Amino acid sequence: MLLLGGIHQTAAPLLNAQPQAWRRYLELALDGLRTTNARTLPHRPPRRLNLTDPAELT
């Protein structure tokens with residue numbers, strides 16, 4: 001949802017001048033999600049926080 005919201009926020013100001021601009025932004029985002037030629041990420045994912053433990057939130 002955040003990805004689609006970001007595309008909307010980026011394309012909204014261009015709506016009158018370039019009503020199809022959202023298509024390009026969506027294409028770029030979807031292309032980035034494809035696994036073709038995917039590589040291993042250089043960093044480990046962040047550890048999961050226990051949100052019920054107040055000590056984890058500081």
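The following dialogue examines how terms are assigned in a predicted model.

Visitor: What conventions apply to this predicted model?

Guide: Residues are numbered from 1 along each chain as its sequence is written, and side-chain values use heavy atoms, with hydrogens and water left out. In this predicted model, local features need pLDDT of at least 70 and side-chain atom pairs count only at pLDDT 80 or more, whereas totals for chains, interfaces and linings use all residues.

Visitor: What makes the contact of Arg 34 and Asp 31 a salt bridge?

Guide: The term requires a side-chain nitrogen of Lys or Arg within 4 Å of a carboxyl oxygen of Asp or Glu. The N to O distance between the side chains of Arg 34 and Asp 31 is 3.3 Å, so the pair qualifies. A search of the whole structure finds one salt bridge.

Visitor: Why is Leu 3 called partly exposed?

Guide: Buried means under 20% relative accessible area, exposed means over 50%, and partly exposed lies in between (1.4 Å probe, protein chains only). Leu 3 has 44% relative accessibility and therefore counts as partly exposed. Its place is in helix H1, residues 2–11; helices (H or I, at least four residues) and strands (E, at least two) are DSSP runs, numbered from the N terminus.

Visitor: Is Leu 26 buried or partly exposed, and why?

Guide: Its relative accessibility is 24%, so Leu 26 counts as partly exposed. Leu 26 is found in helix H2, residues 21–33, and touches Leu 4 and Ile 7, not counting residues up to four places away in sequence (contact means heavy atoms within 4.5 Å).

Visitor: Why is His 43 called exposed?

Guide: At 66% relative accessibility, His 43 counts as exposed. His 43 lies in the segment after H2, and its C-alpha atom is separated from that of Leu 26 by 26 Å.

Visitor: How do you know that the chain is more spread out than a compact globule?

Guide: The chain has two helices and zero strands. Its radius of gyration is 18 Å, well over the 10 Å that the globule rule gives for 58 residues, so the chain is more spread out than a compact globule. That radius is taken over C-alpha atoms, and the rule is 2.2 Å times the number of residues to the power 0.38.
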